Amino acid sequence: MIKVVFVSHTAHLGGAETVLLRFLAEVKHFEPIVFLPPGQLAEELVAKGVRIVHAQTLGKLNKQGNIFWPLLLVWRLMGANLELLRCLRQHQPQVVQANTLYAIIYSILPAKILGIPLIWHVHDFVGHHLLHSLMSRWFSRWVGHTITASESQRQDLISAGVPAHRITTMYSSIFPLRDEKDDAGVADRIAELRQGHERVFGVIGTLEERKGTMEILQALELANGMAGAPVAGKAGKSLGGTVGGKIGLVIAGGALDPLQLEYKANLVQFISDHQLHKEVLFLGHIRQIKTFLSGIDALIHFPKYPDPLPTVILEAMISDCPVIVSDNGGNPEMVQNGRWGRVVPAQDSAALATAMREPPPEVFSLDEKRAFSDFFSPERKEREHERLYKTLLDGKDEDADRDHS
């Protein structure tokens with residue numbers, strides 16, 4: 001059985017970390033060990049039976065609140081390299097896999113010293129950020145292969161100068177959500193908002209600018225201004241009938257650092273300025289995802305900047321919750337360019353407002369849901385990883401490099 005050490009630079013449960021947790025909790029055909037700092041991700045991995053190695057020198061730099069972060073980075077580079085080198089010598093894996101752009105920084109030197117194939121799993125778009133684009137091009141020289149979460153993300157890396165033949169797209173896996181204890185009263189709070197509202201939409205994610213929550217609030221204001229007016233469809237054609245009452249919005253997600261807290265304050269101020277306090281419900285961070293999705297009429301995912309493959313969209317779709325998504329990043333791929341959900345232009349609050357007034361998109365047919373579940377299954381993702389590991393260990397990627405040089 002192939003042994004793989006995964007490297008995570010943070011133990012905070014963000015999107016990339018949640019994808020890693022869910023994947024490793026289900027693998028059966030290779031042996032994972034995760035090298036990461038103490039924290040929530042480490043605790044969750046242990047609870048799932050995944051082996052971990054604590055990295056005492058790793059952690060988020062919090063650059064916004066620490067002017068000395070470059071010195072901290074140097075310290076962490078030195079410490080983490082030594083710790084990871086010790087971990088690799090002890091556990092002797094056949095492959096090292098860095099889970100993010102920052103994790104690869106700490107992984108290159110130890111993997112090269114010991115001659116272990118290195119894989120980089122990218123969870124972000126780099127093309128809009130010059131430094132990240134340059135870093136990606138340079139890192140690609142030192143890794144055996146790169147994994148992206150969507151085809152649009154793969155094209156982004158190719159545009160940044162990463163060789164196309166050394167990038168493979170592996171879509172995230174999805175699991176039917178289990179029934180959960182609603183000790184936070186999520187269902188009751190959503191039901192209370194629903195009173196007096198014709199339709200209730202939901203958005204879930206950390207409160208930060210790139211998630212587009214402000215633009216969703218702007219769309220909510222516009223949509224509620226359309227109350228009682230004919231709903232325009234494609235090409236300006238009326239869908240017939242009129243829209244009756246108000247639309248409500250449930251926001252699930254927390255603010256974790258000073259920038260996010262400032263952004264949340266701006267959201268609250270917008271709600272106050274536009275008298276939307278009766279239309280908006282903040283739930284904060286929640287674990288009751290299934291309860292949340294069953295309580296809303298449709299999920300909105302409307303990031304300002306491309307998101308590789310948001311897991312929450314998959315969760316909504318497998319739970320038969322309609323979705324409205326922006327047309328950037330991996331969103332269109334996930335809904336088959338409108339076949340399995342409604343797609344609207346990114347950062348266009350007016351278009352989103354119109355979509356919120358239209359009838360919710362239809363959910364899967366039984367056959368489509370079966371095809372969707374198979375395509376995003378954990379078994380398929382594990383097979384693709386195992387195939388890549390064997391390819392690297394057989395030296396085929398090195399042969400490909402020589403052929404393309």
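Predicted model: local features only at pLDDT ≥ 70, side-chain atom pairs only at ≥ 80, totals over all residues.

Trainee: Are the residues of S11 buried or exposed?

Mentor: All four, on either side, are buried.

Trainee: Which strands pair with S11, and in what sense?

Mentor: Strands of a sheet pair through backbone hydrogen bonds, either parallel or antiparallel. Strand S8 (residues 197-204) runs parallel to S11, joined by two bridges. Gly-202 sits opposite Leu-299 there. Strand S12 (residues 323-326) is also parallel to S11, with three bridges. Across that pairing, Leu-299 faces Val-323. To get from S11 to S12, the chain passes through helix H11 (residues 311-318), and this β-α-β crossover is right-handed.

Trainee: What is the strand order in the seven-stranded open sheet?

Mentor: Read it as S3-S2-S1-S4-S5-S6-S7, with parallel pairing. The edges are S3 (51-54) and S7 (167-169), each pairing on one side only. From one strand to the next, the twist averages 25 degrees.

Trainee: Which residue of S7 is the bridge partner of Thr-146?

Mentor: Ile-167. Strand S6 (residues 145-148) and S7 share three bridges in the parallel sense. Helix H6 (residues 151-159) packs on the sheet and touches both S6 and S7. The direction of H6 makes about 165 degrees with that of S7. Helix H1 (residues 15-24) lies across S1 (2-7) and S2 (30-36), at about 150 degrees to S2.

Trainee: Now the cores. Which residues touch the most other members of the largest nonpolar core?

Mentor: Val-250, Phe-292, Leu-299 and Phe-372, in a core of 33 residues.

Trainee: What does Phe-372 touch, leaving out residues up to four places away in sequence?

Mentor: Its contacts are Ile-174, Leu-314, Met-317, Ile-318, Met-334, Trp-340 and Phe-364. Another core, of 31 residues, lies apart from the largest one. Among its residues are Ala-80, Met-135, Ala-160 and Val-162.

Terms used
Residues numbered from 1 in each chain as written. Heavy atoms only, no water. Buried < 20%, exposed > 50% of the residue type's maximum accessible area, 1.4 Å probe, protein only. Pairing = 2+ DSSP bridges. Right-handed = clockwise from strand over helix to strand, strands pointing away. Axes fitted to C-alpha atoms, helices over the stretch in contact; angles between N-to-C directions. Contact = heavy atoms within 4.5 Å. Core = buried A, V, L, I, M, F, W, Y, C linked by side-chain atoms within 4.5 Å.
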